[in-house]
Amino acid sequence: MGDRLTQLQDAVDQLAQQFVACIHYINRHHNLETLGPNDMIRDVPKEQDQQEVAPHPPDVFRAAQVELAQDLITKEQQIELLISILPGLDNSEQDQERNIRELEDELKAADAQRREAVREREEAMAKLDAVIRSVRRP
Amino acid sequence: MEEEPVSSTWPLLPLFWQNFTPENTARIADLRKEKADQEGHSDPSKVRIENLPRELRCLQPPQEPEDGEWRVFGNKYTLVDELPKLEDMGIQRLFPNPEERDQDGKHFDRATILKRSAKSLLLNFLELTGLLATNPEAAEEKITDIRDILINFHHLINEYRPHQARESLISMMQAQLDRTRAETNAIRDAKDKAERILEGLGSLKIEDVASEAVPEGKDVWRDDREAWDALVGESTS
């Protein structure tokens, strides 16, 4: 799982692969039809292992087509969704730079505060330590 | 010993890493400062020193390649990391120039173009299937169209990468800020708690001392007083 741009790119690549898969399926599993009344489907001797087409029954073929088409639409919708949630669409480069600079300053301040807090904690610890030591002595 | 590995995932470190000793880095820092003072530069890190002693030579970063290109691990890199233009790759560009869109610096135009391309892909595929069914020879052109749209799509996405990188940086910094603040608060809380306990201990101790010390004190004082009384009585009588 990468960032959103990579996800989007992957989704587009998947869409392209689906295109290929669709055409491949139709190319491979369609039925043979006669174009005119005088045409005949020739009986090709099945000596080769691989047949040119492997017709699926019409209802299966139809259902598969519908499914492939639905998948295409779903993928396209996914792509649109990914596009609309791309990070920072409403930020310009200047906005980003300003943002980064502000965050940098805030980070510095927060870090200084943290160090101050650590120092205070150490002081408190030292105090506590001293008290505990003095209590131990009779 | 174990067998020597035939090959490692990464190449060995260049040997000059051994020159980066604390003494050497300190020496080159001094030399840089000296040189900077001589030449009136304010920033010693920008200074280049000629004729460095051998062991310091590797501590000075090499100059930028003059032709703006270099090779690492068999790949060529350029100083200016630019996305090649679609026209240069012989691909038809299907969206307006960067200068002509996203006027206010925002990226809604890009999103619109991307969405349009996605829809256009579907439509072109529909047309392609239609063409394949009726006139397969004409499909070639349609396939080129789809390829162009796909390449354009990827190009637009890659153009957006620097933007996303900055955006990721912002969110990482924000997370870091939140974490630091939470940590500070936690430390403060712990400290306050410790101090409260200390205060509690303090008041407790004073009471104890007082309650223990008073009866003893009384006795001591009584003894003293009797002694004094006796003394005073003796001296007056």
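User: In which loop of chain B is B:Phe73 found?
Analyst: In this predicted model, B:Phe73 has a positive phi of about 50° although it is not a glycine. The strands on either side of its loop in chain B are β1 (69–72) and β2 (75–78).

User: Is B:Phe73 buried or exposed?
Analyst: The relative accessible area of B:Phe73 is 67%. The cut-off for exposed is over 50%. B:Phe73 therefore counts as exposed.

User: Which pattern does chain B follow along the sequence?
Analyst: Chain B has 3 helices and 2 strands. Read along the sequence, they give the pattern α-β-β-α-α.

User: Is the aromatic pair of A:Tyr25 and A:Phe61 stacked or edge-to-face?
Analyst: The count over all chains is 3 aromatic pairs. In the pair of A:Tyr25 and A:Phe61, the distance is 5.8 Å centre to centre, with 20° between the planes. Planes under 30 degrees apart count as stacked, so this pair is stacked.

User: How many residues apart are A:Tyr25 and A:Phe61?
Analyst: Both A:Tyr25 and A:Phe61 are buried. A:Tyr25 lies in helix α1 (residues 4–29) of chain A, and A:Phe61 in helix α2 (residues 58–84) of chain A. The pair links distant parts of the chain, 36 residues apart.

User: Why is the pair of B:Phe16 and B:Phe20 tilted?
Analyst: B:Phe16 is partly exposed at 39% relative accessibility, and B:Phe20 is partly exposed at 42%. Their ring centres are 6.4 Å apart. The planes stand at 45°, so the pair is tilted.

User: What distance separates the end C-alpha atoms of α2(A)?
Analyst: Among the buried residues of α2(A) are A:Leu72, A:Lys75 and A:Glu76. At 1.5 Å a residue, the 27 residues of this helix should span 39 Å. The distance between the end C-alpha atoms agrees, at 39 Å.

User: How many residues does the largest nonpolar core have?
Analyst: Those with the most contacts inside the core are A:Leu8, A:Phe19, A:Ile79, B:Leu114 and B:Phe153. At least two residues each come from α1 and α2 of chain A and from α2 (108–134) and α3 (139–236) of chain B.

User: Which residues of chain A does B:Phe153 touch?
Analyst: Residues up to four places away in sequence are not counted here. In chain B, B:Phe153 touches B:Leu114, B:Ser117 and B:Ala118. In chain A, B:Phe153 touches A:Leu8, A:Val12, A:Ile79 and A:Ile83.

Conventions. Residues numbered from 1 in each chain as written. Chains lettered and ligands numbered in written order. Predicted model: local features only at pLDDT ≥ 70, side-chain atom pairs only at ≥ 80, totals over all residues. Heavy atoms only, no water. Phe/Tyr/Trp six-rings, centres within 6.5 Å; stacked < 30°, edge-to-face > 60°. Helix = DSSP H or I, 4+ residues; strand = E, 2+ residues; numbered from the N terminus. Buried < 20%, exposed > 50% of the residue type's maximum accessible area, 1.4 Å probe, protein only. Core = buried A, V, L, I, M, F, W, Y, C linked by side-chain atoms within 4.5 Å. Contact = heavy atoms within 4.5 Å. Expected span 1.5 Å × (residues − 1).
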